[in-house]
Amino acid sequence: MPSSTKPRRFSTSGIAADGMPAFAFAFDIDGVLLRSSSAIPGAAEALGLLHKNNIPFILLTNGGGKHESTRVVELSKKLGVPLTEENFVQSHTPFKQLVEGTASTESLQDKTILVTGGDGDKCRKVAEMYGFKNVVTPGDILMAHPNIWPFNQIFSDYYRNNTRPLPLGVNQTSADGSLKIDAIFVFNDPRDWALDSQIILDLLLSKQGYLGTYSDKNGDTSLPNNGWQQDGQPKLFFSNPDLFWATNYHMPRLGQGGFQAAVQGVWDATTGGATLERTVIGKPHPATYKYAERVLNKHRAQLLGGSGEVKKKVIRLERVFMVGDNPESDIRGANEYNSTHGTEWTSVLVKTGVFREGTKPAYTPKVIVDDVLEAVKWALKVEGWKGSLE
């Protein structure tokens, strides 16, 4: 098979003398382990093989919409392998860090944030479980102010069962006592693109995030970016850049990346092509791989180090096999990620999801295999695994 875009070195064995593996796995879910809600043939066997032999792995998905604790219970049942939050990373899992804040973003724990995407208000509840205290959804705004979107009657029944009163009203003439949004999060694929796009655009054009206002700096050519997003507007965060994802339909369907492209198009048409400042995480972005590697190393230390008072010394993680179905996210991310710990990420592409056999992947994996079970067996052979492959 053709080599990846980044040179890789393979040792004769990734196993220490005491049998401790110096390698681990990261698996995408949709198109690799599941298709829609059903396990892909070989998925349970692949994870079972690793679990039986104490070989560390994490699930690293651009999916989401439910809290990690809920999702691991569902996946454990479907795949027949015990999973925990300690080896599971969804697209929005890194948003947890923003509760306390990061070097580039102040703490949002006590701020008011807009959360969109997912079924009903499940993503609101996920955000609250992360520690965000004041979470508003587009549905909340629509129910309080139906005129904000002229076609509100289409989804009224849906929103009526999933909304809450706003913490403050929307004063259309003054910011005094009006609802202020401090950050915008697209947690999962939005269900109502029209409403969500409208409210996101309103906030990006607002004065300091006060809904119903319009910044007088917009279009000012004397300012950076012609004044757009120069007046304290809320920061915009997307959790997933995937344009397409694998479902039960025979062709890939639009994902959150499609919604992001729609917002970008509306923004370009509104501003004349001004830069849209936003933060995008999820595969293939390095920040997500860095976060996932930290989760994997912590899980690996717990799994291999033992649970007794005397811990085993855990050898350095030399290699992670990233098994995915999407060349644009899974493969690209693994190929381009440079670990600060010197760990090599090796990309493995399966044919059970987005990638269509007979086409040339946009980003070249180390190897292309039929399914996840073949991927695991291939990697174990590469690492010189002497145990059973059944």
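Is Asp-231 buried or exposed, and what is its relative accessible area? Asp-231 is buried, with a relative accessible area of 5%. Buried here means under 20% relative accessible area, exposed means over 50%, and partly exposed covers the range in between (1.4 Å probe, protein chains only).

The model is predicted: local features need pLDDT of at least 70, side-chain atom pairs count only at pLDDT 80 or more, and totals for chains, interfaces and linings use all residues. Residues are numbered from 1 along each chain as its sequence is written, and side-chain values use heavy atoms, with hydrogens and water left out.

**Salt bridges**

The structure holds 19 salt bridges, a salt bridge being a side-chain nitrogen of Lys or Arg within 4 Å of a carboxyl oxygen of Asp or Glu. The table gives some of them.

| Pair | N to O distance |
|---|---|
| Arg-124 and Asp-140 | 2.8 Å |
| Lys-207 and Asp-231 | 3.7 Å |
| Arg-319 and Glu-344 | 3.8 Å |

Arg-124 forms a salt bridge with Asp-140. Arg-124 lies in helix H4 (residues 122-130) and Asp-140 in helix H5 (residues 138-144), so the pair ties together parts that are 16 residues apart in sequence. Helices (H or I, at least four residues) and strands (E, at least two) are DSSP runs, numbered from the N terminus. Arg-124 is buried at a relative accessible area of 1%, and Asp-140 is buried at 2%. Both residues belong to a network of salt bridges that also links Asp-121 and Lys-125.

Asp-231 has its salt bridge with Lys-207. The two residues are 24 apart, and each sits in the loop between helix H7 (193-204) and E9. While Asp-231 is buried, Lys-207 is partly exposed, with a relative accessible area of 36%.

The salt bridge of Arg-319 and Glu-344 links distant parts of the chain: Arg-319 is in strand E13 (residues 319-324) and Glu-344 in strand E14 (residues 344-350), 25 residues apart. Both Arg-319 and Glu-344 are buried.

**A buried arginine without a salt bridge**

Arg-71, in helix H2 (residues 68-79), is buried yet has no salt bridge. Its nearest side chain of opposite charge is Glu-74, 4.3 Å away; Lys and Arg count as positive and Asp and Glu as negative, while His and the chain ends are not counted. The side chain of Arg-71 does make a polar contact of 3.5 Å with that of Gln-90. A polar contact is a pair of N or O atoms within 3.5 Å; within protein, one must be able to donate a hydrogen and the other to accept it, and residues adjacent in sequence count only if both atoms are side-chain atoms. Leaving aside neighbours within four places in sequence, Arg-71 is in contact (heavy atoms within 4.5 Å) with Ile-29, Gly-64, Lys-66, Phe-88 and Gln-90.

**Backbone features**

Lys-283 and Pro-284 are joined by a cis peptide bond, with omega about 15°. Pro-284 is placed in the loop between strand E12 (279-280) and helix H9 (286-305).

Asn-54 has a phi near 60°, a positive value in a residue other than glycine. Asn-54 is in the loop between helix H1 (43-52) and strand E4 (57-60) and is partly exposed, with a relative accessible area of 36%. Asn-226 also has a positive phi, near 55°. Asn-226 lies in the loop between H7 and E9 and is partly exposed at 36% relative accessible area.
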